[in-house]
Amino acid sequence: MRGLEHIPLLYDAGMSLGDALGLSRWRRALVGDLHGQVLEIGCGTGRTLTYYPDGADPVALDPDPALLARAARRAPHVPLLVAAAEALPFPGGRFDAVVTSLVFCSVDDVPGGLAEIHRVLKDGGRLRMLEHVRATSPFWARLQDGIQPAWTRLSGGCRPNRATEEAVEAAGFRIDPGAHKVRGVLRCFSASKQ
Ligand SMILES: C[S@@+](CC[C@H](N)C(=O)[O-])C[C@H]1O[C@@H](n2cnc3c(N)ncnc32)[C@H](O)[C@@H]1O
């Protein structure tokens with residue numbers, strides 16, 4: 001499904017505002033201390049790719065070639081490939097860390113994508129996620145449910161009402177309570193492969 005998040009110029013214009021309003025700090029916290037072999041899934045136009053420290057060796061992928069073309073200009077040193085979370089083109093146990101930012105709202109098969117992440121992570125590897133999730137307040141969650149069909153069509157796949165943390169734990173990860181940042185419906189956390 002195509003929509004606003006698949007128009008690179010428009011996506012970057014909107015996200016520049018989000019980053020200026022504080023999202024850039026979340027991106028830095030998400031990846032700023034990573035090292036070793038890192039896979040970023042759904043990198044889009046590459047807005048998080050510029051925050052990796054020197055000790056990290058990232059590879060990134062996205063199913064949308066137009067977004068990747070922009071990511072290539074933003075982070076020319078990072079290898080990029082066209083692929084989706086549900087079918088990661090890597091052998092098992094390849095990565096020290098897997099990163100997603102604002103992606104699992106859009107992945108079609110959430111358990112399938114998380115199972116693939118579990119497979120490609122080394123034992124002891126970390127899953128780092130920055131995601132917006134289902135509201136904890138029943139009122140706001142019902143509102144998310146109400147706007148979801150129209151929002152998903154307009155955005156090109158984003159579901160605002162996903163319980164992503166629950167899905168992550170059901171997929172065999174443990175979210176570190178000491179690395180679980182919450183603000184409104186935004187979450188930034190680190191989870192270990194169990
Ligand atoms: C809201 S954008 C986020 C882009 C970028 N990560 C960021 O933080 O700005 C959602 C991204 O998820 C990607 N995406 C959608 N379905 C996906 C899937 N099944 N596997 C991997 N990426 C996917 C989209 O192509 C898009 O680039």
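Around the ligand lie 22 residues, of which G42, G44, A84, A85 and S101 come nearest. Sorted by class, this shell comprises 10 nonpolar, six polar and six charged residues. The structure described here is a predicted model.

The strands are considered next. Strands of a sheet pair through backbone hydrogen bonds, and the pairing may be parallel or antiparallel. In this model, seven strands form an open sheet with mixed pairing, in the order β3-β2-β1-β4-β5-β7-β6. From one strand to the next, the twist averages 20 degrees.

Individual pairings can be followed residue by residue. Strand β1 (residues 36-41) and strand β4 (residues 95-101) run in the parallel sense and are joined over four bridges. Within this pair, V38 stands opposite A97 of β4, and L39 stands opposite V98 of β4. Strand β1 also pairs with β2 in the parallel sense, over six bridges. Here G36 has A56 of β2 as its bridge partner, while E40 stands opposite A60 of β2. Strand β2 in turn pairs with β3, again in the parallel sense, over three bridges. Residue A60 takes part in this pairing as well, with L80 as its bridge partner in β3.

Helix α1 (residues 8-31) lies across β2 (56-62), β4, β5 (121-132), β6 and β7 (186-193), and runs at about 175 degrees to β5. Helix α3 (residues 110-120) also packs on the sheet, where it touches β1, β4, β5 and β7. The direction of α3 makes an angle of about 145 degrees with that of β5.

Helix α4 was examined for its length and its course. In general, an α-helix has 3.6 residues a turn, so residues three or four places apart point the same way. Helix α4 (residues 138-155) contains 18 residues and, at 1.5 Å a residue, should span 26 Å. Its end C-alpha atoms are 24 Å apart, which agrees with that expectation. Just after α4, G156 adopts a positive phi of about 95 degrees.

Key
Residues numbered from 1 in each chain as written. Predicted model: local features only at pLDDT ≥ 70, side-chain atom pairs only at ≥ 80, totals over all residues. Near = placed C-beta within 6 Å. Nonpolar A, V, L, I, M, F, W, Y, C, P; charged D, E, K, R; others polar. Helix = DSSP H or I, 4+ residues; strand = E, 2+ residues; numbered from the N terminus. Expected span 1.5 Å × (residues − 1). Pairing = 2+ DSSP bridges. Axes fitted to C-alpha atoms, helices over the stretch in contact; angles between N-to-C directions. Contact = placed C-beta atoms within 7 Å.
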